[in-house]
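Q: Please take a close look at the ligand site in this structure. Go through the contacts and the surroundings, and then relate the rest of the fold in a few words.

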Amino acid sequence: GWRVQHNNVLGPYKGGIRFHPASNLDEVKALAALMTWKTSLMGLPYGGAKGAVRVNPHELSERELEAVSRAYIRAVKDHIGPDRDIPAPDVGTNAQVMDWMADEYGKLTVKPEPAAFTGKSIEKGGSQGREPATGFGGFVVLREFLKIQDTRYKIRDTPIIAIQGFGNVGSYIAKYLSKDGFRVVAVSDSKGALYEPEGINIEKLAHEKEMRGIIDRGLCYAVSGHGRPCQTFSNEDLLTLPVDILIPAALEGVITGKNAAGIRAKVVLEMANGPVTPEADTILEKRGVAVIPDILANGGGVVGSYFEWIQSLDQKYWSEEVVLGKIEEKMKEAFARVAEAKKEYNVNWREAAYVYAINRVANSMI
Ligand code: NAD
């Protein structure tokens, strides 16, 4: 396992801990740097870090998973803490893992330290609104983008959307978009994709998925309620559907030099970390597709974590409505900064996000 601390000039290190069989030090280093830029762009008083354990959590018993989580904290305890480095969940870890880690850390420091971790369960001092935070933040960013969108994108008045991944991030952004009148016509998970040209009833699909753990065609119906189950097709085909907005919300490196030419969306909202490869980025840019970068689009997660940290420090707790209101404000501010940098430097959305984020860190280091 590893913990990499990249930069703390803006505040304590912040970043998730990943449990994955393919984790390696180089990946953790890259993800730690990404966190530095993300927290900087979001205007948070944090630096960037990341942790990982090379293990497949799905092959462990619950007792083994708890033992790994506690052992990891014993190994890094001198390097973390509420004003030093604040871990959070990431791929393969969840609120239960954070609860075990916070408990182990409290034992080692001989006092409870809930502010040393975010992404905890509500019972153990987690925050209302942390679970939907990333999806909600992406929804806010997309709405801001559409308010000022360039006419060349020619997005329909009721934008048509396809979402890859229906986990935490994908299902929440789908819910917020469909509630706001967007037409989500396709969603997918690791087992396959579902398509309904009239728009999927997301509320119903998300509820069924919660009950059954999977998305499948028999559980998917149109918003119009015509009663015919959705069509199934392949995950790869989802990426090339004729939609206005494509939202990769599952894995990294899914839009590549091979399939970028076939993307028909006018906007790609990167909700996963690193879903568009550098080769694909160049192709999409040449084709005039706007790519809203991960450090902006999925920044709502770390913003939600920041508000959990504040509540844990103060031992005062806010409602979901209050938390989401605060997240909305931060996302709008971050979007405005990127839009301004884009104009000033005449660069694309990703470059503009990096210009702002790196400048803020660099200026603080002088
Ligand atoms: P998750 O495990 O809850 O969901 C992932 C989803 O992707 C699942 O529905 C899974 O079935 C699906 N999936 C896996 N392989 C797939 C494939 N080949 N094709 C289509 N779908 C596939 O994870 P999550 O928390 O929703 O995270 C998704 C992405 O968002 C990751 O890249 C993560 O790093 C990023 N992210 C998450 C957060 C957060 O707060 N959860 C914050 C920032 C970034």
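A: In this predicted model, a polar side-chain atom of Thr134 sits 2.6 Å from an oxygen atom of the ligand. That pair falls within the 3.5 Å limit for a polar contact between N or O atoms. Gly167 places a backbone N or O atom 3.1 Å from an oxygen atom of the ligand, and a polar backbone atom of Ser190 is 3.0 Å from a ligand oxygen atom. On its own the ligand has 820 Å² of accessible area, and the protein covers 71% of that. Two elements each give two or more residues to the shell around the ligand: helix H5 (168-179) and strand S6 (183-189).

The shell as a whole has 19 residues around the ligand. Thr134 and Ser190 are among the closest, together with Asn168, Val169 and Asn235. Sorted by class, the shell has 10 polar residues, 7 nonpolar residues and 2 charged residues.

Next, the sheet. Four strands make up an open sheet with mixed pairing, and their order is S1-S3-S2-S4. Strand S1 (2-7) and strand S4 (85-89) are the edge strands, each pairing on one side only. On average, neighbouring strands of this sheet are turned by 20 degrees against each other, with direction ignored. In general, strands of a sheet pair through backbone hydrogen bonds, in either a parallel or an antiparallel way. Strand S2 (residues 13-19) and strand S3 (residues 48-53) run parallel and are joined by 3 bridges. Within this part of the sheet, Arg18 stands opposite Ala52 in S3.

The last item is the disulfide. The structure holds 1 disulfide, which joins Cys220 to Cys230 with an S to S distance of 2.1 Å. The torsion about the S-S bond of Cys220 and Cys230 is about -70 degrees, so this disulfide is left-handed. Cys220 and Cys230 are 10 residues apart, and both are in the loop between helix H6 (202-212) and strand S8 (231-233).

Methods
Residues numbered from 1 in each chain as written. Predicted model: local features only at pLDDT ≥ 70, side-chain atom pairs only at ≥ 80, totals over all residues. Heavy atoms only, no water. Near = heavy atom within 4 Å. Polar contact = N/O pair within 3.5 Å; in protein donor to acceptor, adjacent residues only side chain to side chain. Areas by Shrake-Rupley, 256 points an atom, 1.4 Å probe, with all protein chains shown as cover. Nonpolar A, V, L, I, M, F, W, Y, C, P; charged D, E, K, R; others polar. Pairing = 2+ DSSP bridges. Axes fitted to C-alpha atoms, helices over the stretch in contact; angles between N-to-C directions. Disulfide = S-S within 2.5 Å.
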